[in-house]
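Student: I would like to go through this structure with you, one topic at a time. Could we begin with a term that will be needed later on?

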Amino acid sequence: MGKMHHNNNTVYAINPAVDVYAIGDDVIEFYFINNRRRVTMQVSPQVVALVANIDGRKGIEEICESLSIGEKDNVQAFVDYLFAQAILLIPEDMEIEKSQMTPEDVKRYDRQINYFTSLYMQSGYHAQQKIQQQKILIFGIGAIGAGIAIQLAMSGVRHFILVDKDVVTEDSIQRHYFFKESYIGMTKCDALTDYLMQIDRQVKCEVHNDIVDFDTDITPWIEQASFVVNTLDEPYIGLTSMKIGRACYALRKPLYVAGGFDAHLMSTGELIIPDETPCVDCYTTYFKDTLKNWNPKYNIEAVSEEHAVEGVFEVGGLPSMALFSVSYAMIVILNYMVTEDAHYSQGRGELLFDKLHIDYLNVLKNPNCHVCGNQ
Amino acid sequence: MSVGINDRLKLRPSVAVVSNGEVTEFFLSDIRHSIALRMQKEVTKLLFGLDGRLTVGEFMDANSLGSQTGEVMPLLDFLNKNCVLIKVDRKYSEDYNRYPRIYSLLENYFPTQQQVEDHFQIVRKSRVMIIGLGSVGTWVAQSLLMSGVRHFLFVDGDRVELSNLHRQGGFTEASIGQLKTDAFARRLKEMDAEVEIDCIVDWLDEVFFERHDIGHIDLIINCADKPTVDETSMIVGKYAMSHGIPHIIGGGYNLHQSLIGQVVIPGKTACLECFRMNLDDLNEIDTSNIRKLENKNRRVGSFPPLSALSSAITANEAFKALAGLDNLTMTGQRTEFLLRILNFANVEMPRRHDCKWCGYEGKYYQLQRDKD
């Protein structure tokens, strides 16, 4: 955890989301309630007493004196270790970080701030501010793109750039968590903007009711963004994905290629970080290779004329399948925004409707990749 | 029902057909199930002509294959039973225009359009009770409405607070201060003005079901954690078991955010009491020398996407239970989503012979003893 300006009498508190157990006389266990992380140590009974006295008010020196504990250096090393493990916090530092947020935001995000403090091994206030400073560019306002926007806005993101040309229709009800009957006929971008501003009046969206094709200049949008999400599957997911992926690579921007598209309704999507993870071209090469004998044909002739005209596609799925892919993406995206750890992400995986286990593909960086490879 | 020559069949457009030499693979892309058959390429090609307009007899005649109809019938029958081909025995109702994806999903499980329509209408007519409009109940309710459910009973005694907005779907800044039931009902009516919603502004306690006549209910989803999840679950469990109502005990709540909701079909799957007994067995450790030290400012947090993920699985399971699909996963199983490895961890929790609720001597349902 960040700063190390402790002195001998620094006041510490136990992380509010950690339970502490003494097992017998000489084992102490710290249990992170939220993510089940355990830190277990064999210690002397004096140390158990020391930990029991850490209360956010008394300094370490004061506690040691009251318990007649000497060995100052050992105590300091032990306390530093607990601090590095986010078991101990310095309330004074937390107050400083808290004071950098508006009281309304402190109240609004209170519960997730508490969670962040234990999950991300740093002050939750600091983590929350990192999220609030983001500007997110989202390509494709479908079930997944809009779903991610909604959950991001709920989490504190206030700046969005939205790109989609489609319009809300009657059957959008089965896909879009922002849906209202009164939105029918509006562009998805405009409808989503309206909904996000109801969640948080401070949300600002820059809207491009547009498609992305060969000559769309996406660079200015990407330059402005701190994080990019791609869910576009039109005109063709491979094409848009590669174009966006290469532009993000060139501009060194983190990208999430979301799952949840047809035939992959509960896929996880993947985080793409330049030179840290496989790039979009690595993925494309991987799929080209593994799917080279896979030439599926679909009986599109059997889509009845009236439905073909209305653009009703006969693909099946539930809104909650999209909610899975959205929520999964959110876990990875928030983690990256706060920790910048590219390696938490497991890459592309697939969850099936009738088996609760995600199978990951384990796609690796391609050393010969012409975008991110050695040459 | 076997396929007859007067049936109209359609090769479903979401089935991917991959022909490699002698083997043809039919990939049900929505649910990623695959069926591979050794068959001639010409036959595979022929299947693409099945668009639901002509009867099998007319279709074979139109392709000058009338004399071979008898030989083709077992194949058509097999592909129909496996939901590659669907019998177009009726036109879908108007609901199809709003919910084509839900219909198409059901087509992976039922071989005739009549059955698909019937099962969707079961979903339309069902009435779902959701107790607790928090970070799970809100997402589950919206998901079910979007899947076609149109009758709800909501129970919650709380008002919307600013600190709810980051984790509870459907509330807005304008909802702050309003009763959760009112604000949420209004939100769902924005999505579908015709949805029927009843609300009870109250908390769950031992006599809740004596105090309130809840009417007919097809599924109860408990997402209430006040006073504790264990207490509310037992109250719901007892009521649901004594009335034979399928129920789901939602996960995703405080301290158990990573837990996925358990589904109980009374008399068929492990009940809550079975779960409790199984858990007691698992947790049987000697705690006599463990002492919990006081953490004076103990406050756990909440991670919104984790609750939403748990809600997604609960809504999937709820839909299966309502539509009568037999692929429930959260029965007799305790599942957590582990953030550390980004995957699910499943532990089997089977039905118990010695369960006081549904075992041999169970007070609600009794297991049949083996005859021998």
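Predicted model: local features only at pLDDT ≥ 70, side-chain atom pairs only at ≥ 80, totals over all residues.

Student: Which residue is the bridge partner of A:Glu350 in β13(A)?

Tutor: The partner of A:Glu350 is A:Asp359. The strands concerned are β12 (residues 349-352) and β13 (residues 355-360) of chain A, which pair in the antiparallel sense over four bridges.

Student: And how many residues lie between β12(A) and β13(A) in their hairpin?

Tutor: Two residues lie between them in that hairpin.

Student: Stepping back, how many helices and strands are there in chain A?

Tutor: Chain A has 14 helices and 13 strands. Its C-alpha atoms fill a box of roughly 85 × 45 × 40 Å along the principal axes. Of its 375 residues, 44% count as buried.

Student: What share of the contacts in chain A between residues at least 6 apart joins residues at least 24 apart?

Tutor: That share is 66%, counted among contacts between residues at least 6 apart in sequence.

Student: Into which domains is chain A divided?

Tutor: Domain 1 of chain A covers 13-92, and domain 2 covers 133-360. The centres of these two domains, taken over C-alpha atoms, are separated by 44 Å.

Student: What does the domain assignment give for chain B?

Tutor: For chain B, domain 1 is 8-91 and domain 2 is 126-283 + 301-348. Between the centres of domain 1 and domain 2 of chain B there are 41 Å, again over C-alpha atoms.

Student: Let us look at sheets. What is the order of the six strands in the open sheet of chain A?

Tutor: The order is β8-β7-β6-β9-β10-β11, with mixed pairing. At the edges stand β8 (204-208) and β11 (270-272) of chain A; each has a single partner strand, so one side of each is left without a neighbour in the sheet. On average, neighbouring strands of this sheet are turned by 20 degrees against each other, direction ignored.

Student: In which sense do β6 and β7 of chain A pair?

Tutor: Strand β6 (residues 135-139) and strand β7 (residues 159-163) of chain A pair in the parallel sense, over five bridges. Within this pairing, A:Ile138 has A:Leu162 in β7(A) as its bridge partner.

Student: Which strands of chain A does helix α9 lie across?

Tutor: Helix α9 (residues 188-199) of chain A lies across β7 and β8 of chain A, and runs at about 175 degrees to β8(A). Another helix, α14(A), lies across β9 (227-230), β10 (255-257) and β11 of chain A, at about 170 degrees to β10(A).

Student: On to the interface. How many residues of chain A are in contact with chain B?

Tutor: On chain A there are 81 residues in contact with 81 residues of chain B. Helix α14 (residues 319-339) of chain A supplies the largest share of the chain A side, ten residues. By class, that side has 44 nonpolar, 19 polar and 18 charged residues.

Student: Which strand of chain B pairs with β2 of chain A?

Tutor: Strand β2 (residues 18-23) of chain A pairs with strand β13 (residues 290-293) of chain B, in the antiparallel sense and over four bridges. In β13(B), B:Ile290 stands opposite A:Ile23.

Student: At what angle do α8 of chain A and α12 of chain B cross?

Tutor: The axes of helix α8 (residues 143-155) of chain A and helix α12 (residues 304-323) of chain B cross at roughly 145 degrees and come within 10 Å. There, A:Gln151, A:Met154 and A:Ser155 in α8(A) meet B:Pro304, B:Pro305 and B:Ala308 in α12(B). This contact has four nonpolar, two polar and no charged residues.

Student: One last topic: what is the order of the three strands in the open sheet of chain B?

Tutor: The order is β5-β1-β6, and the pairing is antiparallel. β5 (51-55) and β6 (85-87) of chain B are at the edges with a single partner strand each, so one side of each has no neighbour in the sheet. Strand β1 (residues 8-11) of chain B is joined to β5(B) by two bridges, and B:Lys10 has B:Asp51 in β5(B) as its bridge partner. Helix α3 (residues 69-81) of chain B lies across β1 and β6 of chain B, running at about 90 degrees to β6(B).

Definitions and conventions:
Residues numbered from 1 in each chain as written. Chains lettered and ligands numbered in written order. Domains from an automatic or database assignment. Contact = placed C-beta atoms within 7 Å. Nonpolar A, V, L, I, M, F, W, Y, C, P; charged D, E, K, R; others polar. Pairing = 2+ DSSP bridges. Axes fitted to C-alpha atoms, helices over the stretch in contact; angles between N-to-C directions. Buried ≥ 20, exposed ≤ 12 C-beta atoms within 10 Å, placed from the backbone.
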